[in-house]
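This report describes one protein chain for a reader who is new to structures. Please look at the sequence and the model together while reading.

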Amino acid sequence: MSKKDKKNIENEQVDTQQTETVDVEEQTVEEQVVDEQTPEEQLETELKQEKDKFLRLFAEFENYKRRTAKERIELFSTASEGVMKTLLPVLDDFERALSHIEDDKEAEELRKGVLLIYQKLVNTLEQKGLKAVEVEKGEAFNADNHEAITQIPAPTEDLKGKIIDVVEKGYMLGEKVIRFPKVVIGQ
């Protein structure tokens, strides 16, 4: 054990002894007061103490129920986070495929099929709570909301410190960000 651990243990023991001493003193004072009371007053005092214990226990139990209900709701809302994170690259691949297919006029039917599958996937993920984080070019960079991939010289003076390009979309699951948008900022 380190010296700090020994000191902490000794301090805890001293604190415990002091609290026990204070408790014993309070009990003796209460016993003296109880001895001077009539039996009815003693019963009323005991009843008040028991009511106080009951109310405290009841309040503690209510707080416990509220806390566990809140934790359960949070757990259900983010339970699918792992699955969503693994599906995000698939979503990115669909978007890349759609951007390349748009250029090819001969593959119009293929583009329609891929777009239909992409829309179904996006709708299904949105129903489960996934939302894209909207980032506009020219928006001010915020390190809390964006992940900077690189900095390049700003094409114009007003774009310094602002987002020039969005490399990868960011997503939220409920109110929790599961992937920050990856951006290029102007220098």
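## Overall make-up

The model is a predicted one. The protein contains 4 helices and 6 strands. Read from the N terminus, its elements follow the order α-α-α-α-β-β-β-β-β-β.

Of the 187 residues in the protein, 18% are buried. Contacts can also be sorted by how far apart the partners are along the chain. Among the contacts in the protein with a separation of 6 or more, 60% are between residues 24 or more positions apart.

## How H3 and H4 pack

Two packed helices are described by the angle between their axes and the distance between the axes. Helix H3 covers residues 81–101 and helix H4 covers residues 108–127; they pack at an angle of about 150°, and their axes are 10 Å apart. Angles over 145 degrees count as roughly antiparallel, and H3 and H4 are therefore roughly antiparallel to each other. Their crossing is left-handed.

Which residues of H3 and H4 make the contact? From H3 come Met-84, Leu-87, Val-90, Leu-91, Phe-94, Glu-95, Leu-98 and Ile-101. From H4 come Leu-110, Arg-111, Val-114, Leu-115, Ile-117, Tyr-118, Leu-121, Val-122 and Leu-125. Sorted by class, the contact of H3 with H4 has 15 nonpolar residues, 2 charged residues and no polar ones.

## Leu-121 in the helix contact

Leu-121 is a residue of helix H4. Leaving aside neighbours within four places in sequence, Leu-121 is in contact with Val-90, Leu-91 and Phe-94. Val-90, Leu-91 and Phe-94 are among the H3 residues that make the contact with H4.

Leu-121 and Val-90 are 31 residues apart along the chain, and their C-alpha atoms are separated by 9.6 Å.

## Aromatic pairs

The count of aromatic pairs comes to 3. One of them is formed by Phe-54 and Phe-58, with 6.2 Å from centre to centre and 25° between the planes, and this pair is stacked. Phe-54 and Phe-58 are 4 residues apart in helix H2 (residues 39–78), so about one helical turn separates them. Phe-54 has a relative accessible area of 53%, so it is exposed. Phe-58 has 44% relative accessibility, so it counts as partly exposed.

Another pair is formed by Phe-94 and Tyr-118. The ring centres of Phe-94 and Tyr-118 are 6.2 Å apart and the planes are at 45°, so the pair is tilted. This pair links distant parts of the chain, since Phe-94 is in helix H3 and Tyr-118 is in helix H4, 24 residues apart. Are Phe-94 and Tyr-118 buried or exposed? Both Phe-94 and Tyr-118 are buried.

## His-146, a buried loop residue

His-146 sits in the loop between strand S1 (130–133) and strand S2 (147–152). Why does His-146 count as buried? Buried means under 20% relative accessible area, and His-146 counts as buried because its relative accessibility is 7%.

Which residues is His-146 in contact with, leaving aside its neighbours within four places in sequence? They are Val-135, Glu-139, Ala-140, Phe-141, Ile-163, Phe-180, Pro-181 and Val-183.

## Two further loop residues

Lys-128 is in the loop between H4 and S1. With a relative accessible area of 57%, Lys-128 is exposed. Leaving aside neighbours within four places in sequence, Lys-128 is in contact with Met-84 and Leu-173. Lys-128 and Leu-173 are 45 residues apart in sequence, while their C-alpha to C-alpha distance is 8.2 Å. Met-84, the other partner of Lys-128, is also among the residues of H3 that make the contact with H4.

Gly-161 is in the loop between S2 and strand S3 (163–168). Its relative accessibility of 38% makes Gly-161 partly exposed. Not counting residues up to four places away in sequence, Gly-161 touches Ala-140, Phe-141 and Gly-186. Ala-140 and Phe-141 are also among the residues in contact with His-146. How many residues apart in sequence are Gly-161 and Ile-185? Gly-161 and Ile-185 are 24 residues apart in sequence and 6.1 Å apart in space, C-alpha to C-alpha.

Notes
Residues numbered from 1 in each chain as written. Predicted model: local features only at pLDDT ≥ 70, side-chain atom pairs only at ≥ 80, totals over all residues. Heavy atoms only, no water. Axes fitted to C-alpha atoms, helices over the stretch in contact; angles between N-to-C directions. Helix = DSSP H or I, 4+ residues; strand = E, 2+ residues; numbered from the N terminus. Parallel < 35°, antiparallel > 145°, perpendicular 65-115°, else oblique. Left-handed = near helix turned anticlockwise from the far one by under 90°. Contact = heavy atoms within 4.5 Å. Nonpolar A, V, L, I, M, F, W, Y, C, P; charged D, E, K, R; others polar. Phe/Tyr/Trp six-rings, centres within 6.5 Å; stacked < 30°, edge-to-face > 60°. Buried < 20%, exposed > 50% of the residue type's maximum accessible area, 1.4 Å probe, protein only.
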